[in-house]
Amino acid sequence: MKRIALWLLFVTVVVFAQESQQESSQQAAQLSNTTLLARNAQLAMSSADYRVTAGDVYTLAYAAGTQSVTYVITVDNSYRVRVSNLGVINAAGRTFQQLKTEVETVVSNNYPLSGAQLVITRPSLFKVSIAGEVNVAQEQTAWALARLSSLLDDNNLLTAYSSIRDITITSSSGQRRACDLFKAQRDGDLSQDPYLRPGDAIRINRIDRVVTITGSVERPGAYQLLPGENLSDLITRYASGLTPTADPSRVELVRFVDAEADSGDKLYLSKQNISENYPLKHFDAVMVPSIMDLEPVMFVEGAVQENTGQQRLQNALATAQSNASNRITVQFNQGENYASLLQRNSSWFTAISDTQHAYIIRGEERIPLNINPILYDSNYQSQYFVERNDVLIIPFRQYFVTVAGAVVKPDRYPYIPDRGWDYYVALAGGFVKERNSSDSVEIKDLTGRRMSKTDVITPETTITARTNAGLYYFNQYAPVITTILSIITTSISVALLIGR
C-alpha cells in the first residue's frame, strides 16, 4: 500500500508539472500575441498608408453630454461602418486616417465639444495565396501593412528558378498587376512592392535569364535580366559600372547554354562588345579583370610563411619539423626596392629563416642578399631592385653540426653554443684510430669556408675527420697488391716453361 501511495504521488506531481509547463507556454504565447497586436496597432495608426480592412476592430470614445460613451466598431466585408447610432459610413478604399476624420466629424456634428476619438484596437489579419515557382503552394497570413517582399523573404518560399522580376498579383476583384521586386530593392520604387490585401493571389513566375558578373565592377553578383537587356545593361545598370582599376579590353565570358564544350565555352570580349551590348544567354558568367592583374610578379622560396597570426605560427612549427619549403608568388610595382618589399612583408620570416644568407636567382646569376639590415633598419635602402621573375631564396636556419669521416657514429648533432670541434667529435663516438692519426680534421662553415680548430663553431658547420693513417691504407690496398704480384709471378713462370 505504501508503494502504491508513493507511485500515485509521483504521477500526480508529474501531471501537475506538465500542466504547469503547458499553462506557462500558453501564457507566453498569449503575451507574445498581445505584444504583436499592440505593435501592429501602433504602426497602423502612425502610417498614412494603412487602409481600412475587413476584420479591423476600432474603438470610438466620446462624451454625449455628461455621459461617457465607448463604442466598438468591427469592419466586415461590406465595409459599411456604423458610427454608434449617428450614421453609417462607406469605408471601402479609405485609409484609417480618412475614416478617423469622417467618424470624428459625424460625432462632433451631433455632440459639439464631445472630444470624439477613434483608435485602432486590433488590425485585421487575412489570408493570401502563393503559387507558381515556389517550394510549396500555400496560403499565408498577412496584414494591411505587409508588403509583397516581406511575405516572400520571411517564409523561404522561392526556389532557384523563381523570378523576382515577374510576379503577378491578382486581387479578389480579378484585377491583375505585374511586380518587379528588383526595381523596388534597387531603385526604391515601392509601387513594385505593394501592400497586400485580403484575397490576393500571388503567382511567382519562372526566371527568363540569370547571368553572373564578377571582378572589377562595383556590384558583382547574379542578376535576372529582362528581355532585351544584355552586356552593357549588365555592367552599367545591374553591376553599377566598372571600378577605376577595371580593364574592359579583356572581359571574359563563359557560356554554358548551347556551348560546344561540356565544360562551357570561354569568349573574350572588348570595349566594343560592351558598347554594342553583346547578347547574353541564360547562365552566362562574365568576369571583368583588373589592370592590377598585369602587375609583374616575383617569387619567394624556402623558409617563409605566407599566413599571419596563429595560423602562421602553426605553419612555422610544421615547417621547422619537416624542413618543407614554401613558395610565395608576389606582385610588385615597377621600380620597387628590395628593402621596401621585405619590410612590408616581414611576417614571411620565422625563427628558422636564415635571413643573413638569402640570395636572389636572376636568370643564370646568383646575387647574395643579407636581409638582416633591411628588417631591422627602416631607413636602409638596398642596392638591388625587384625585377620580373626574380626568385628570392631564404635558406633554412638549422641548429645542427655535421660530423663525418673517420668517427664511430657520423651524423648530425644539435648545436650547442661555445663548444669546440672536439665536443662534436666526442658526440660522434670519437675518432676511429685505425683510420685517423693526429686528430686530423677538416672544418667548413655553412658557406664552405675552411676554418681552423681555434675558430668558433657555428650552426651548420661540417667537421670531417680525415682518413690519414698509413697502416689503414696499407691494410686497404695490401690484398690488391698481393693479388697483382701473384698474377705477375704466375705469368713469368708460365712464360719460362714455354721458352724451354
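**Figure 1. An open sheet of 5 strands with mixed pairing.** The strand order is β12-β11-β15-β13-β14, where strands (E, at least two residues) and helices (H or I, at least four residues) are DSSP runs numbered from the N terminus. Two strands count as paired if DSSP finds at least two bridges between them. The model shown is predicted: local features require a pLDDT of at least 70 and side-chain atom pairs count only at pLDDT 80 or more, whereas totals for chains, interfaces and linings use all residues. Residues are numbered from 1 along each chain as its sequence is written, and side-chain values use heavy atoms, with hydrogens and water left out. β12 (221-225) and β14 (265-269) are the edge strands, each pairing on one side only. On average, and with direction ignored, neighbouring strands of this sheet are turned by 25 degrees against each other; axes are lines fitted to C-alpha atoms, for helices over the stretch in contact, and angles run from 0 to 180 degrees between N-to-C directions. Within the sheet, strand β13 (residues 251-255) pairs with β15 in the antiparallel sense over 3 bridges. V254 has A285 of β15 as its bridge partner.

**Figure 2. Helix α5 lying across β11, β12, β14 and β15.** The helix comprises residues 231-238 and runs at about 120 degrees to β12. L231, L234, I235 and Y238 of α5 are buried, that is, under 20% relative accessible area, with exposed meaning over 50% and partly exposed in between (1.4 Å probe, protein chains only). Seen down the axis of α5, these buried residues fall within an arc of 120 degrees, so they line one face of the helix; the arc is that of the directions from the helix axis to the C-beta atoms. An α-helix has 3.6 residues a turn, so residues three or four places apart point the same way. S240 follows α5 and has a positive phi, near 60 degrees.

Figure 3. S290 is buried, with a relative accessible area of 9%. Leaving aside residues up to four places away in sequence, S290 touches S216, T245, A246, D247 and R250, a contact being heavy atoms within 4.5 Å.

**Figure 4. An open sheet of 5 strands in the order β7-β6-β10-β8-β9.** The pairing in this sheet is mixed, and its edge strands are β7 (138-143) and β9 (176-179), each of which pairs on one side only. Neighbouring strands are turned by 30 degrees against each other on average, direction ignored. Strand β6 (residues 125-132) runs antiparallel to β7 and is joined to β7 by 6 bridges; the two strands form a hairpin with 5 residues between them. Across this pair, S129 stands opposite E139, and F126 has A142 as its bridge partner. β6 also pairs with strand β10 (residues 201-206), in the parallel sense and over 4 bridges. I130 stands opposite I202 in β10.

**Figure 5. The largest nonpolar core, with 44 residues.** A nonpolar core is a set of buried Ala, Val, Leu, Ile, Met, Phe, Trp, Tyr and Cys residues joined through side-chain atoms within 4.5 Å. Y58, L148, L196 and I202 touch the most other members of this core. L148 touches I167, I169, C179, L181, D193, P194, L196 and I202, not counting residues up to four places away in sequence. A second, separate core has 21 residues, among them V330, A339, V386 and L392.

Figure 6. S382 is buried, with a relative accessible area of 7%. S382 touches N337, Y338, A339, L369 and I374, again not counting residues up to four places away in sequence. From C-alpha to C-alpha, S382 and A339 are 5.5 Å apart in space, and they are 43 residues apart in sequence.

**Figure 7. Helix α2 (residues 96-110) and its buried residues.** The helix has 15 residues and reaches 21 Å from its first C-alpha to its last, close to the 21 Å expected at 1.5 Å a residue; the expected span is 1.5 Å times one less than the number of residues. F96, L99, K100, V103, E104 and V107 are the buried residues of α2. They cover an arc of only 120 degrees around the axis, which puts them on the same side of α2.
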